[in-house]
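Dear colleague,

Please find the structure below, together with its sequence.

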Amino acid sequence: MSLRPTSRDWRLAAIDLRRGFAAWQIWFLLGMSDIRQRYKRSRFGQFWITFSMAIFIGGIGLVYSQLFNTAIDTYVPYLAVSYTVWVLISGIITESTTAFSSSAVYLRQDALPKTIFILRVLVRNSISFLHNVVLVPLVFLIFQVNPGFTWLLAFPGLVLLLAAAFLLALLLGVLSTRFRDLPQIVQNLVQMMFFVTPVMWQPDQMGRHMWLVVDFNPAAIFLRLVTEPMSGHVPPLSLYGYALAIIAVLAALVAPLFARFRARIVYWL
């Protein structure tokens, strides 16, 4: 059996992608429904997302500012921004591994575009991100942080992040449906990435001998594209170049994989 996609495979994959993005009502409503179901019958509902984040930032910020010997009015705003964006990144990565298997009931009943269920994961995590990000201005107000107009640069950074997240989620979604041990491997890798990505610690705390951890860590690159503008800093142009290069590599990996095995996903469920 050839692993190379045929022209028909490429055509059907392009149709799937086009139809998937066009069916925005489906993946948006599915993502919204997931959030509602998660907090069904809860008194505070979806705002438990925000409450949990606030408790974490307050507790960890107090302890780690002392541990790192950093002023609390500097560390807590940094933590609020970086951890909020990290939760978005890690949530998409881990949940993408079950994007198709958790949607088996839909895939077995109707020939829906497979990309709908990847976009469902992005919507679900983006909604959680919007609940969490409301804490950032509140923390900035408490600690008198003024990011200026550089926060507007967070939007192109977020677009690049979501573009890379879509491609990575599609890659992991297909592979995890075929290889059922992969979700556990990905979860462990995400936990490891958390400690080597500047979420709890700041990049300038890492000596130049560890520059690879900051400068060539894909998670750190996309994290910084969003967090630095939100904190009042302009990201260097090299970060955008690295991000575009990563997106190009992901696209080169995902495109033939999805084109060749898209039709087999439903048989792997």
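**Helix α9 and its surroundings**

Helix α9, covering residues 182-196, has 15 residues and reaches 21 Å from its first C-alpha to its last, close to the 21 Å expected at 1.5 Å a residue. Please note that this is a predicted model.

The buried residues in α9 are Leu182, Pro183, Val186, Val190 and Phe194. They cover an arc of only 120° around the axis, and therefore lie on the same side of α9. Asn188 and Phe195 are exposed, and they sit on the face of α9 turned away from its buried side. The partners against which the buried residues of α9 pack are α4 and α8, the latter spanning residues 154-178.

Leaving aside neighbours within four places in sequence, Phe194 is in contact with Tyr83, Trp86, Val199 and Met200. A separation of 16 Å lies between the C-alpha atoms of Phe194 and Ala165, which are 29 residues apart along the chain.

Helix α4 runs from residue 72 to residue 96 and has 25 residues. From first C-alpha to last, α4 reaches 35 Å, close to the 36 Å expected at 1.5 Å a residue. This helix is mostly covered, with 20 of its 25 residues buried.

The largest nonpolar core contains 75 residues. Those that touch the most other members are Val85, Trp86, Phe100, Ile118, Phe222 and Met230. Not counting residues up to four places away in sequence, Val85 touches Phe129, Leu161, Leu223, Val226, Thr227 and Met230.

**Helix α7**

In helix α7 (residues 135-142), the buried residues are Leu135, Val136, Val139 and Phe140. The arc they cover around the axis is only 135°, which puts them on the same side of α7. Pro137, Leu141 and Ile142 are exposed on the other side of α7.

After α7 comes Gln144, which has a positive phi, near 55°.

Yours sincerely

Technical notes:
Residues are numbered from 1 along each chain as its sequence is written. This is a predicted model: local features need pLDDT of at least 70, side-chain atom pairs count only at pLDDT 80 or more; totals for chains, interfaces and linings use all residues. Side-chain values use heavy atoms; hydrogens and water are left out. Helices (H or I, at least four residues) and strands (E, at least two) are DSSP runs, numbered from the N terminus. The expected span of a helix is 1.5 Å times one less than its number of residues. Buried means under 20% relative accessible area, exposed over 50%, partly exposed in between (1.4 Å probe, protein chains only). The arc is that of the directions from the helix axis to the C-beta atoms. Contact means heavy atoms within 4.5 Å. A nonpolar core is a set of buried Ala, Val, Leu, Ile, Met, Phe, Trp, Tyr and Cys residues joined through side-chain atoms within 4.5 Å.
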